[in-house]
Amino acid sequence: MAVRCKTQTLQVIDTEYSADAVEWCPLDDWGTVLACGTYQLKKPEPDVSGEDSNNPHLRLGRLLLYHYNPQQFFSPVTEVQKMETAAILDMKWCHVPLSESPVLGVANAKGVLELYKLQGQKESFSVQPVCSVDLGDECLALSLDWSTGRRESTSPVKIICSDSRGRLSLLHVEESAASVDVSCQWKAHDFEAWIAAFNYWNCDIVYSGGDDCLLRGWDTRVTPDIPVFTSKRHSMGVCSIQSNPHREHVLATGSYDEHVLVWDLRQVKQPTSDTHVQGGVWRLKWHPTDSALLLAACMHSGFHILDSGSGGCPILSSYVLHNSLAYGADWSRAFLPDASVPSPELESLKAVEPDPVGSQTLAQSMQNLKIFYESPTASFDVVLEDDSGVYVPESSGTTADRPVTGVPGQAQTDLLATCSFYDHVLHVWRWQSQRLNPAE
């Protein structure tokens, strides 16, 4: 069944510092709350002689909190809070309330995991720090994931963190979120452990990806420093992993090698699909309710929505209006008005040719792009060079085949946020998709 897609930018926000993480609150009553994390390198002050100092660069950050008002047509996103912090590498909300409050976890450049509790009313709220834990040994905390990905009550609530020394840290969180303790820590990778994630269907199992190009699985019930499996399927650093919260045994991974792989965890010798997205895959996010849709932040290639339910996991839709490294991306669970009513915009797209920014066109448009990959920690870079650069405009609409629920003619609208690094920009946009009648 064919599906027609359209992206529409709602608002563009200057985050001032370089933006690398955006997270919508996943709790149903707080789906309009958006957090953004930033990472800014600052040169040290000159010494008394006026010469450049030999001191290391400072890593500064800000935690920004926004509110989205679906009834406000112009500038629907309002800044609610701005907090100075250490540089932020990753941030994620707990999927369930702790002591009846949303809790945000933040991994920062001081090697510290911080927990913040959201307090207040729907349009007058703020986050306040409640506890933190140092991961040790002068590292950068690079990623975190909560064990609550299936939005079911889990006891105890756990967090897995990865750091720049290649280690993983398993932490237990008190029900009140008043304290968090490291229960075990182990060496997982030879270089930076870019990403760590839980198996949401069995939270004793965690996965990690590192700059040693390895994807690994771990069973925390036994000696955690011996991996359950090691895959060398990615050819460059593995920097994004997420377990599918709707389909057991399904895992998505992404790498600097520009490939998104989807795995059946019952057989990890080869992935079930391999999609070349023309950019290093820094973050992956499964859709909140649709088990097939996967959002990918692809550095120089922008942001893509992939369809894992149609075979081959093709690119279904693209958002390429950012002018810098595409790092942060997330879906909102917020209800959008008239999401189920066919819109005039979608109806006007019936004459559009199929898939103008799909995998083939995207590859052709970007084949001459000069790519300079730099990690947020500025610890390494990879250069892929060709002759010249080509800009890929925003799609006015795409048509693709994918299985969807609902009746023909029904439209679905999703709210998303994405951010890019060096231009320090946050975009809030919506994605509309519509199942077509066979005759269309």
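Trainee: How many aromatic pairs does a search of the whole structure find?

Mentor: Rings of Phe, Tyr and Trp (its six-membered ring) pair if their centres lie within 6.5 Å; planes under 30 degrees apart count as stacked, over 60 as edge-to-face and the rest as tilted. The search of the whole structure finds 14 aromatic pairs. One of them joins W194 and W282 edge-to-face, at 5.6 Å centre to centre and 65° between the planes. This pair links distant parts of the chain, 88 residues apart: W194 is in the loop between β14 (180-187) and β15 (195-198), and W282 is in the loop between β22 and β23 (283-286). F421 and Y422 also form an edge-to-face pair, with 4.9 Å centre to centre and 80° between the planes. Ring pairs link Y39, W194, Y256, W282, Y327, F421 and Y422 into a cluster.

Trainee: On what basis do these values rest?

Mentor: This is a predicted model, in which local features need pLDDT of at least 70 and side-chain atom pairs count only at pLDDT 80 or more, while totals for chains, interfaces and linings use all residues. Residues are numbered from 1 along each chain as its sequence is written, and side-chain values use heavy atoms, with hydrogens and water left out.

Trainee: Are W194 and W282 buried or exposed?

Mentor: Buried means under 20% relative accessible area, exposed over 50%, and partly exposed in between (1.4 Å probe, protein chains only). Both W194 and W282 are buried. F421 is buried as well, with a relative accessible area of 5%, whereas Y422 counts as partly exposed at 42% relative accessibility. Buried residues make up 59% of the 440 residues in the chain.

Trainee: How many helices and strands does the chain have?

Mentor: Helices (H or I, at least four residues) and strands (E, at least two) are DSSP runs, numbered from the N terminus. The secondary structure here comes to 2 helices and 32 strands.

Trainee: What is the order of the strands in the open sheet of 4 strands?

Mentor: Two strands pair if DSSP finds at least two bridges between them. The order is β19-β20-β21-β22, with antiparallel pairing. β19 (238-243) and β22 (273-276) stand at the edges with a single partner strand each, so one side of each has no neighbour in the sheet. β19 pairs with β20 (residues 250-255) over 5 bridges, and Q242 has A252 in β20 as its bridge partner. Elsewhere, β25 and β26 pair in the antiparallel sense over 4 bridges, and 5 of the 5 residues of β26 are buried.

Trainee: Which residue makes a polar contact with the side chain of S208?

Mentor: A polar contact is a pair of N or O atoms within 3.5 Å; within protein, one must be able to donate a hydrogen and the other to accept it, and residues adjacent in sequence count only if both atoms are side-chain atoms. The side chain of S208 makes such a contact with the side chain of W218 (2.9 Å). S208 lies in β16 (residues 205-209) and is buried at 0% relative accessibility.

Trainee: What is phi of C313?

Mentor: Most residues other than glycine have a negative phi. Phi of C313 is near 50°, a positive value, and phi of E100 is near 70°, also positive. C313 is found in the loop between β25 (303-307) and β26 (315-319) and is buried at 1% relative accessibility. E100 is found in the loop between β7 (88-93) and β8 (103-108) and is exposed at 79%.
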